[in-house]
Amino acid sequence: LWLHDGRCVDDCTDYGAYVGVGAPDDPVCGACAMGCDACSAADRCDECAPGFHLLDGDCLLDCAAAGAYYKEDGATPPACMACGRECATCNDLATCTSCNAGSFLLGGRCVGDCSFEGAFFNDDSAAPDACTSCEANCAACTSVTACAGCYEGFFLHEDDCVADCTSQTSQGHPFGFYANRGASPDSCTVCEDGCAACLDGETCT
């Protein structure tokens, strides 16, 4: 028999407690932590009270506060599931909602550098520490409307990425442009003076 709240009981676990305190000379049931209906040790909960969710032996009211998300699975008791390592909070294992320090949120992922992901760090974003994707065809940008580099097959022209330099114009500039693959990044470069169209910087067409 085990002592529990002034009574002798056959099984501590029937009373939200665990076996082992003082055994064998002074067998006493040890109380489970708050929110825990069944436990195998003071710091090891096995089943939580209603409204609490199990995560690594603890019973939590709020999964998100522990960097986890709530998962209700018919095969197991409702529980908190840990977010991915880079997430501070998440909706599920694949969708971050905020990131740990040093990472930035982009499309449900946490990335170390926005610029490596075809995005830029948007300090005006409603979401803190978030990346904002560049426009289509833009591999790097400093804002939504200002490209700094383009994906393969596109050329930088006045903050935009275009596929055809020869059809581009520039306000107040009468000359044509050509695709300059020698530039860094690949860019539309203006033809020489007097040249409405050109193959390169020296060959007018």
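**Disulfides, salt bridges and one asparagine**

Modeller: A search of the whole structure turns up 14 disulfides. Keep in mind that this is a predicted model.

Colleague: What is a disulfide, in general?
Modeller: It is a covalent bond between the sulfur atoms of two cysteines.

Colleague: Start with Cys83 and Cys90. How far apart are their sulfur atoms?
Modeller: The sulfur atoms of Cys83 and Cys90 are 2.0 Å apart, and the two form a disulfide. The link of Cys83 and Cys90 is left-handed, with -90° about the S-S bond.

Colleague: Is Cys83 buried or exposed? And what about Cys90, buried or exposed?
Modeller: Cys83 counts as buried because its relative accessibility is 10%, and the limit is under 20%. Cys90 is buried as well, with a relative accessible area of 8%.

Colleague: Which residue does Cys150 pair with?
Modeller: Cys150 is joined to Cys161 by a disulfide, S to S 2.1 Å. The pair ties together parts that are 11 residues apart in sequence, because Cys150 lies in strand E18 (residues 146-150) and Cys161 in strand E20 (residues 160-162). That link of Cys150 and Cys161 is left-handed, with -90° about the S-S bond. Both Cys150 and Cys161 are buried.

Colleague: And Cys191, which cysteine is it joined to?
Modeller: Cys198, with the sulfurs 2.0 Å apart. The link of Cys191 and Cys198 is left-handed, at -85° about the S-S bond. Cys191 is buried at a relative accessible area of 2%, and Cys198 is buried at 5%.

Colleague: What does Glu152 form a salt bridge with?
Modeller: Glu152 forms a salt bridge with Arg181, and the closest N and O atoms are 4.0 Å apart. Glu152 lies in the loop between E18 and strand E19 (155-157) and Arg181 in the loop between E21 and strand E22 (187-190), so this pair ties together parts that are 29 residues apart in sequence. Glu152 counts as exposed at 68% relative accessibility. Arg181 is exposed too, with a relative accessible area of 52%.

Colleague: Which other residue forms a salt bridge with Arg181?
Modeller: Asp186, where the closest N and O atoms are 3.9 Å apart. Asp186 is partly exposed, with a relative accessible area of 23%.

Colleague: Now Asn180. Where is it found?
Modeller: Asn180 is in strand E21, residues 177-180. Its relative accessible area is 19%, so Asn180 is buried, the cut-off being under 20%.

Colleague: What does the side chain of Asn180 reach?
Modeller: The backbone nitrogen of Gly182, at 3.0 Å.

Colleague: And leaving aside neighbours within four places in sequence, which residues is Asn180 in contact with?
Modeller: Phe155, Asp186, Ser187 and Thr189. Asp186 is also the residue in the salt bridge with Arg181.

Notes:
Residues are numbered from 1 along each chain as its sequence is written. This is a predicted model: local features need pLDDT of at least 70, side-chain atom pairs count only at pLDDT 80 or more; totals for chains, interfaces and linings use all residues. Side-chain values use heavy atoms; hydrogens and water are left out. Helices (H or I, at least four residues) and strands (E, at least two) are DSSP runs, numbered from the N terminus. Buried means under 20% relative accessible area, exposed over 50%, partly exposed in between (1.4 Å probe, protein chains only). A polar contact is a pair of N or O atoms within 3.5 Å; within protein, one must be able to donate a hydrogen and the other to accept it, and residues adjacent in sequence count only if both atoms are side-chain atoms. Contact means heavy atoms within 4.5 Å. A disulfide is a pair of cysteine sulfur atoms within 2.5 Å. A salt bridge is a side-chain nitrogen of Lys or Arg within 4 Å of a carboxyl oxygen of Asp or Glu.
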